[in-house]
Every structure is written in C-alpha cells, then in structure tokens.
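Please work through the following exercises with the sequence and coordinates at hand. Each task is followed by a solution in steps.

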Amino acid sequence: MIMKNPEVEFCGYCITHPSESKINFRIQTRGGIPAVEPFRKGLTDLMDVCHHMLSTFEASVKEYKAQKETEMD
Amino acid sequence: RHVGKMAERGSLEEMRSRVVLGEFGVRHVHTTDFPGSYPGYTDAWDPVTFRQGFHVDVTHMDEGLLEFDLVGIDAAIANAFRRILLAEVPTMAVEKVFVYNNTSIVQDEILAHRLGLIPIQADPRLFEYRSQGDEEGTEIDTLQFQLKIKCSRNPRAAKESSDPNELYINHKVYSRHMTWVPLGNQADLFPDACFRPVHDDILIAQLRPGQEIDVLMHCVKGIGKDHAKFSPVATASYRLLPDITLVQPIEGEAAEKLKKCFSPGVIEIQDIKGKKVARVANARLDTFSREIFRHEELKNMVRLARVRNHYIFSVESTGILPPDVLVSEAIRVLMGKCQRFLDELDSVPTD
C-alpha cells in the first residue's frame, strides 16, 4: 500500500526478535513530504480497501444465497 | 524491429500479471508494479482503478465450507486475510478446568487438554475478553460448563456377553454429556440460546465401572495466536488461478497425451475436419502436477502460469460461525488494526 505511493523512495520492515511482537518499519520519502504522511495515507487507503472488500463480499454472498433460493424453488 | 517490440510488450504484460512455472523454477513471483518500476506505466495507488478491477465471486457455500474468488488485490492483502482467519478471529473455548473428581484412566491434564480442543457453539461477539489478572471470571466473559458422569455395571447384561456397550452404562464420555451452567444473569440474557459443543459425538474419555469424572469448565474468548484451540477455521487456504496456454496447436496423438498430463476436465479434444485438436477447456480445475515437463516433445508447447492477482479462497469452518461470517469478521479485524494505528498516530504529537 505504502509502496504504491510515488512519493515513497524506500519502504521496508524487519522483526527485531521473534519472541517480541515488535516490527521496525522504515519509510523514506523523496524529500517532499514528511515520512509520517505516507504511513497515514497507507493506513487510510488500506481501511478503504477493507471497507470496499467487505461490502463487495457481503453483496456477493447475498447474491449467491438469493440465487440458491431461486434454484431451490 | 516492430515484431521485437510487440513480443517485448507481450512479455512485459506477462511479467506484470503472471507467475510463470518453468521446468526448473518459478519466474516473476513477486509483485513488481510499483511506481517507477516500469517506464510508461503509472502504478500509483488509485482507488478508482482498484474498485474497477476488484470483484468477488462466491462459487460454493454451505454451512461448513465457503469457496470464493477474490480478484484484483495484492498478494500481501490476500495473505493477510488468510493469516487473520487462522490466528486472529476470536472464538470461545474451554480454558480452565476445575477437577472435582477424576478417577478415570485419563490423566487430569490430558483430560483438560482434550476439553480445550472441543469447539463450543457460542457466538464470540456476544462476549468480552477476560481482563488481565481476573481469576474468577464474570458473566460477560465466561461460559461455564459441567461434565459429571459415572460409569456403572449394567445389571441387565447377559452372563457371557463381552460387548462393553452391553456390560457397562456410561462407559463412553461424549461431548454431549457437557451441560451449560448459566452464570449470573446469563439465563436472562440468553433465554433461547443453548451453549453446547458444536458436535455431540466427540469421544472425550472411556470409563469402567466405579470410575467417574466430575469437572467444571470455564470457557473464555481467545484468538488462535494464543492457542490453536481458539482458531475458528478447520483451515483457510487460497490458490492462484491457473492459466494454461498452448503455444502451438497440438493435434492427434500428442493431443491425447496432453490431455492425460493435466487434471481431468482441463484439456478438451475437439474433432476439427477429422483431426483431433486439443483446447484448454477449464484451466481452473488444474492442480499443476507439472507432468507435462516429463515429456520432451510436449514441454515446450505449453505455457503454465498463474494469474497473480486472482485468488481462489477456500474457508472451512469448525462450526462455531458460518464461513461467510468468518470472512467478514477477518476483514473487520484488519480494519480494527488500521484504526488503532491511525488513532495512535493522531494522539502522539509529531514534532
């Protein structure tokens, strides 16, 4: 998600130690915007993707159930 | 030179959208469509293009199994859902077992372990997580079950019978012997709900006359990350949509051989002007055994690939929640995580 942002020059993560749940996340921008912005934008974009997926999935399930009903009758 | 450019374009599209299975390795595995990777392509995130390219198709659904296609998302997000389904969708399961009497041959801890693994039919969304350090448990986070059973000799059995079903009463302890004991105001909150194990016929232990089991169990809400007993799916997996193309037309005997190299239904033989010609009928059914690479004359005539952003998900539920509810819950868990970080970002002052 963050990699898809053209302002981001570098984005990566590593897990410091497997027994701790901590992730080192690094974002480097091309110099135009503060690095927190792609992070924020990435999170909001991911939220939007999830919202859209949820509604599409539920619509699809409803449609499938309705189709099944008509087939039964 | 023009032909060269066309071929380049074709292979560029292939590199961007397909994972190609070669004879000795798999090529173009990773997603490469990021801004700046390809001249002439702008791959920046665009919600409109995403919405246009994304769709969900449900292919099969019943109470236990859901199969659906997710088209147009990245591998990272599809994998995130698979992992969340396995490890982060909460369920209720037996956590603490208070053993009042256990004279059976099954040790206390083994019995407790087995009881923990039994799936409990209770909607986890109606309950809260137990707070840290709380030993007793309140009615909002705990479900109590009792298992009290005693085995005795059957006085009406025949003299020479050696069948344990006839000789003993209650010698097999099943999950249907677990009874719900309402705590506090649970009897009023859930008058119609009956909380019980999903399956009635799970064999917990076997007893002989004189042995008894008397335990009280507390179920709490947990996630699969903590202990696998809390995982709501039997398993959740996905595969990429296969894409088989015949590079050259294949006829006659070779066509028959080709058909045998793939799963049944993938390759269809048509009769055109007396000759048998092979055609790819339904690539989706193939399981990619790569049998084609064992035949010298056929291996260069077919291109085996997978479509990189088309995921065929298969979610099988243990019975606690229907599989479509599980997928919705998984999406909500991911949204919850995003929201948590957004809130933290907003509350921490950035200098």
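Predicted model: local features only at pLDDT ≥ 70, side-chain atom pairs only at ≥ 80, totals over all residues.

**Exercise 1. Cysteines**

Task: Determine how many disulfides are found over all chains, and state which cysteine sulfur is nearest to that of A:C14.

Solution. 
Step 1. The criterion is a pair of cysteine sulfur atoms within 2.5 Å. By this rule, zero disulfides are counted over all chains.
Step 2. For A:C14, the nearest cysteine sulfur belongs to A:C11 and is 12 Å away. A:C14 is therefore in no disulfide, since the cut-off is 2.5 Å.
Step 3. A:C14 is partly exposed at a relative accessible area of 40%, whereas B:C261 is buried at 5%.

**Exercise 2. The two domains of chain B**

Task: Describe how chain B is divided into domains and characterise the interface between domain 1 and domain 2 of chain B.

Solution. 
Step 1. Domain 1 of chain B comprises the segments 14-89, 232-247 and 301-342, while domain 2 covers 91-230.
Step 2. The centres of domain 1 and domain 2 of chain B, taken over C-alpha atoms, are separated by 38 Å.
Step 3. Contact involves eleven residues of domain 1 of chain B and 15 residues of domain 2 of chain B.
Step 4. The size of an interface is often expressed as the accessible area lost when the parts come together. Between domain 1 and domain 2 of chain B, about 960 Å² is buried, and carbon and sulfur atoms give 58% of this area.
Step 5. On the side of domain 1 of chain B that touches domain 2 of chain B, the elements giving two or more residues are α3 (75-87) and α8 (323-347) of chain B.
Step 6. A further pair to inspect is B:K225 and B:E88, whose side chains meet in a salt bridge of 3.4 Å, N to O.

**Exercise 3. The interface of chain A and chain B**

Solution. 
Step 1. The area buried between the two chains is about 3,100 Å², with 77% given by carbon and sulfur atoms.
Step 2. Three salt bridges are counted between chain A and chain B, and six residue pairs are in polar contact across the interface, both residues at pLDDT 80 or more.
Step 3. B:R332 forms a salt bridge with A:E58, with the closest N and O atoms 3.6 Å apart.

**Exercise 4. Salt bridges around B:K299**

Task: Of the 24 salt bridges held over all chains, examine those that B:K299 forms with B:E23 and B:E296.

Solution. 
Step 1. The closest N and O atoms of B:K299 and B:E23 are 3.0 Å apart. This pair links distant parts of the chain, 276 residues apart: B:K299 is in the loop between β17 (275-280) and β18 (302-317) of chain B, and B:E23 is in the loop between β1 (18-21) and β2 (26-27) of chain B.
Step 2. B:K299 counts as buried at 13% relative accessibility, because the limit for buried is under 20%. B:E23 is partly exposed at 29%.
Step 3. In the salt bridge of B:K299 with B:E296, the closest N and O atoms are 3.3 Å apart; B:E296 counts as exposed at 58% relative accessibility.
Step 4. Elsewhere, salt bridges that share partners join A:E58, B:D123, B:R125, B:E329 and B:R332 into one network.

Terms used. Residues numbered from 1 in each chain as written. Chains lettered and ligands numbered in written order. Heavy atoms only, no water. Buried < 20%, exposed > 50% of the residue type's maximum accessible area, 1.4 Å probe, protein only. Domains from an automatic or database assignment. Contact = heavy atoms within 4.5 Å. Buried area = accessible area lost by both parts, 1.4 Å probe. Salt bridge = Lys/Arg side-chain N within 4 Å of Asp/Glu carboxyl O. Helix = DSSP H or I, 4+ residues; strand = E, 2+ residues; numbered from the N terminus. Polar contact = N/O pair within 3.5 Å; in protein donor to acceptor, adjacent residues only side chain to side chain.
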